Structures are given as C-alpha cells and as structure tokens.
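I opened this notebook to keep track of what I look up, one topic at a time. My entries follow the order in which the questions came to me.

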Amino acid sequence: MTHEEYMQIALDLARQAAQKDEVPIAALIVNPTTGEIIASAANESAHGSDATAHAEILAVQRACEKLGTTRLWNMDMYVTLEPCTMCAAAISFTRIRKLVFGATDIKGGAVVSGVKFYEAPTCHHRPQIVSGVCAEQCSELIKDFFKQKR
C-alpha cells in the first residue's frame with residue numbers, strides 16, 4: 001500500500017472519532033515489510049477522562065501489547081496530524097522507524113513545528129519523517145470539527 005492509502009485508513013478512523021465528539025486524529029502502526037496494520041487508534045481524550053489518550057499514544061500501546069515488546073523497531077506510524085511533544089517523545093522512545101503525517105500543527109506540533117523535538121541534542125532516536133501526506137484532507141477534517149464547535 002502507498003502512504004496515501006494508509007492515510008486514508010487513518011482518515012476514516014479520525015472521521016469515526018469526530019462522530020463520537022472526539023478531536024478527529026487517528027494513527028496506525030504498520031509493518032512496512034508485510035504491509036500489515038499492527039495497531040490503530042483515534043483520540044479518546046474527551047470521553048476517556050485521560051488527557052494523554054492521544055491517537056499516537058494509544059496506537060503505540062496497542063502495538064507494543066500485541067507484539068509483546070517495548071520497542072517498535074522497523075515499524076512505521078501514520079498519523080493525520082503532526083504529533084505533539086508528548087507523542088513525538090513516545091515515537092522516539094519506542095524506536096519507530098518512520099513517521100508519516102498529514103497536516104502540520106503550527107500551534108501544538110513538535111516535529112516540523114514548535115519545539116522540533118527530534119532536533120534536540122537529547123533526543124535518542126530520530127525516525128525518518130514524511131510530512132504532508134493527504135495534508136489538505138487531514139487539515140480540513142480538523143478545521144471542520146472545530147467550526148462545528150463554535
């Protein structure tokens with residue numbers, strides 16, 4: 001599958017999250033060798049009483065549990081929005097090989113925006129970065145969600 005095809009799956013999950021009144025962000029963990037989606041998640045912060053229940057964190061937890069490991073060597077993550085600092089750190093700590101994301105997040109992003117976590121000298125692992133995959137669709141989904149909130 002292509003980056004765009006995986007991102008479409010993530011977008012579908014994000015749309016489902018929006019229907020549950022969650023911020024529409026979703027993430028996949030993919031084995032690039034087999035193409036298998038190891039784990040997926042959408043944000044669950046609003047209804048789970050857990051501010052850390054971001055899609056990336058939940059996908060990492062589910063993938064580690066499924067694989068029985070704390071490291072996701074050679075796995076790729078697809079996420080609809082540029083990860084925040086917390087999520088960027090989790091991606092680094094679990095040694096994800098490649099991070100593919102859709103829309104940039106000027107306010108809260110920490111990969112190509114904001115603190116640029118992976119550029120810090122204290123960052124132990126820097127994944128390969130692919131940004132802007134289906135960016136317009138990812139951005140519109142989030143913008144539309146918050147327009148409805150106003």
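**Entry 1, salt bridges.** I note at the outset that I am working with a predicted model. How many salt bridges does a search of the whole structure find? The search returns 4, and I looked up several of them.

I began with glutamate 36 and lysine 66, whose closest N and O atoms are 3.4 Å apart. This pair links distant parts of the chain, since glutamate 36 sits in the loop between strand S1 (26-30) and strand S2 (37-42), while lysine 66 belongs to helix H3, 30 residues apart. Glutamate 36 is partly exposed at 37% relative accessibility, and lysine 66 is partly exposed at 49%.

Next I turned to arginine 62, which forms a salt bridge with glutamate 44, with 3.0 Å between the closest N and O atoms. Here too distant parts of the chain are linked, with arginine 62 in helix H3 and glutamate 44 in the loop between S2 and helix H2 (45-48), 18 residues apart. I find a relative accessible area of 35% for arginine 62, which makes this residue partly exposed, and glutamate 44 is likewise partly exposed at 35%.

I then looked at arginine 97 and aspartate 76, whose side chains meet in a salt bridge at 2.8 Å, N to O. The pair joins the loop between H4 and S4, where arginine 97 lies, to strand S3, where aspartate 76 lies, 21 residues apart. Is aspartate 76 buried or exposed? Aspartate 76 is buried because its relative accessible area is 3%, under the 20% limit, whereas arginine 97 counts as partly exposed at 26%.

In helix H4, residues 85-93, I listed the buried residues as Cys87, Ala88, Ala89, Ala90, Ile91 and Ser92. What covers them? The cover includes helix H3 (55-67), strand S3 (76-81) and S4.

Arginine 95 follows H4, lies in the loop between H4 and S4, and has a positive phi near 65 degrees. At 16% relative accessibility, arginine 95 counts as buried. Aspartate 21 is not a glycine either, yet has a positive phi of about 65 degrees. I located aspartate 21 in the loop between helix H1 (3-19) and S1, where this residue is partly exposed, with a relative accessible area of 37%.

Which strand holds alanine 26? Alanine 26 lies in strand S1, and I record this residue as buried because its relative accessibility is 0%. Leaving aside residues up to four places away in sequence, alanine 26 touches a set of residues that includes Ala10, Leu13, Ala41, Ala55, Tyr78 and Val79. I also checked alanine 59, which is 33 residues from alanine 26 in sequence and 8.7 Å away in space, C-alpha to C-alpha.

Lysine 107 belongs to the loop between strand S4 (98-103) and strand S5 (128-131), and with a relative accessible area of 85% lysine 107 is exposed.

Technical notes
Residues are numbered from 1 along each chain as its sequence is written. This is a predicted model: local features need pLDDT of at least 70, side-chain atom pairs count only at pLDDT 80 or more; totals for chains, interfaces and linings use all residues. Side-chain values use heavy atoms; hydrogens and water are left out. Helices (H or I, at least four residues) and strands (E, at least two) are DSSP runs, numbered from the N terminus. Buried means under 20% relative accessible area, exposed over 50%, partly exposed in between (1.4 Å probe, protein chains only). Contact means heavy atoms within 4.5 Å.
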